[in-house]
Amino acid sequence: MKFILKRIFSPFLKKASSLYLRKPRNFSYNGISVMVMPSVFPPFMTHSTKILVDFITPIELSGKTFLELGCGCGIVSISAAKKGAIVTATDINETALTALEKNGGINDVKLDILYSDLFQNLHERYYDFIIINPPYYPRNPKSIGENAWFCGEDFNYFENLFLQLPQFTTLDNQIYMILSEDCALEKIEAIALKNGMVFNSILEKKVVGEKNYIFKIARL
Ligand SMILES: C[S@@+](CC[C@H](N)C(=O)[O-])C[C@H]1O[C@@H](n2cnc3c(N)ncnc32)[C@H](O)[C@@H]1O
């Protein structure tokens, strides 16, 4: 029953937030404010972005290289930069990237902001931390904004991600992904495993009846 309700509720959440996000909206969390543009992943009614901000808050990031892969509004990247990290924020949504240029300036942080489809434009780079809040509903995105939610009917986002991720995984770096019980966890873990990567759940947080997990991803 709970599963069925969630399947109904999540598309509703998406519709409700896209109506709300027809205009740019201000989002403030943990002392940081950003403008969220139409088509950019809305951190308002969802919990994952806030959980990630809370997650990185106690981590020592000073001088560490930090990649937010698929940065959306970029509040996670700005939070990391405020803590002294050397931050790269990427996305395939140009509107998100342009807005983040401004949001970074307003929050007085320096960010390396670049367009990259997954790791496509990040060759030969090393990151101490890689943080991913992925799209996970198995439908094909029909607009750039839908890439924030839909990973492709055949989980194409995850197939491509886990094909590329091993090249950016070392013995020392830390890779974290947030997922919810609302997604096909087993399927996503199986795609990772096929590419020699394993998930270890390091945080479980229930918000408004939905369990969210942060997984640490490492080589098998
Ligand atoms: C769920 S949103 C998370 C946004 C942000 N990290 C946050 O926590 O608020 C997923 C983000 O990944 C981006 N994305 C989707 N497919 C991508 C790809 N192939 N390469 C890079 N970014 C991608 C989307 O545009 C979106 O901004």
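A crossing of two helices is left-handed if the near helix is turned anticlockwise from the far one by less than a right angle, and right-handed if clockwise. Helices (H or I, at least four residues) are DSSP runs, numbered from the N terminus.

The model is predicted: local features need pLDDT of at least 70, side-chain atom pairs count only at pLDDT 80 or more, and totals for chains, interfaces and linings use all residues. Residues are numbered from 1 along each chain as its sequence is written, and side-chain values use heavy atoms, with hydrogens and water left out.

**First stop: α5 and α6**

Select residues 156–164 (α5) and residues 185–194 (α6); their axes come within 8 Å and cross at roughly 30°. Axes here are lines fitted to C-alpha atoms over the stretch in contact, and angles run from 0 to 180 degrees between N-to-C directions. The two helices are therefore roughly parallel, a label for angles under 35 degrees. Their crossing is right-handed.

Next, display Phe 158, Glu 159 and Phe 162 of α5, which meet Ile 188, Ile 191, Ala 192 and Lys 194 of α6 (contact means heavy atoms within 4.5 Å). This contact comprises five nonpolar, no polar and two charged residues (Ala, Val, Leu, Ile, Met, Phe, Trp, Tyr, Cys and Pro count as nonpolar, Asp, Glu, Lys and Arg as charged, and the others, Gly among them, as polar).

**Second stop: α2 and α3**

Move to α2 (residues 48–56) and α3 (residues 75–82), whose axes come within 9 Å and cross at roughly 10°. This angle makes α2 roughly parallel to α3. Here too, select the facing residues: Thr 49, Leu 52, Val 53 and Ile 56 in α2 meet Ile 75, Val 76, Ser 79 and Ala 80 in α3.

Keep Thr 49 selected: an N or O atom of its side chain is 2.7 Å from an oxygen atom of the ligand.

Conventions
Angles under 35 degrees count as roughly parallel, over 145 as roughly antiparallel, 65 to 115 as roughly perpendicular and the rest as oblique. A polar contact is a pair of N or O atoms within 3.5 Å; within protein, one must be able to donate a hydrogen and the other to accept it, and residues adjacent in sequence count only if both atoms are side-chain atoms.
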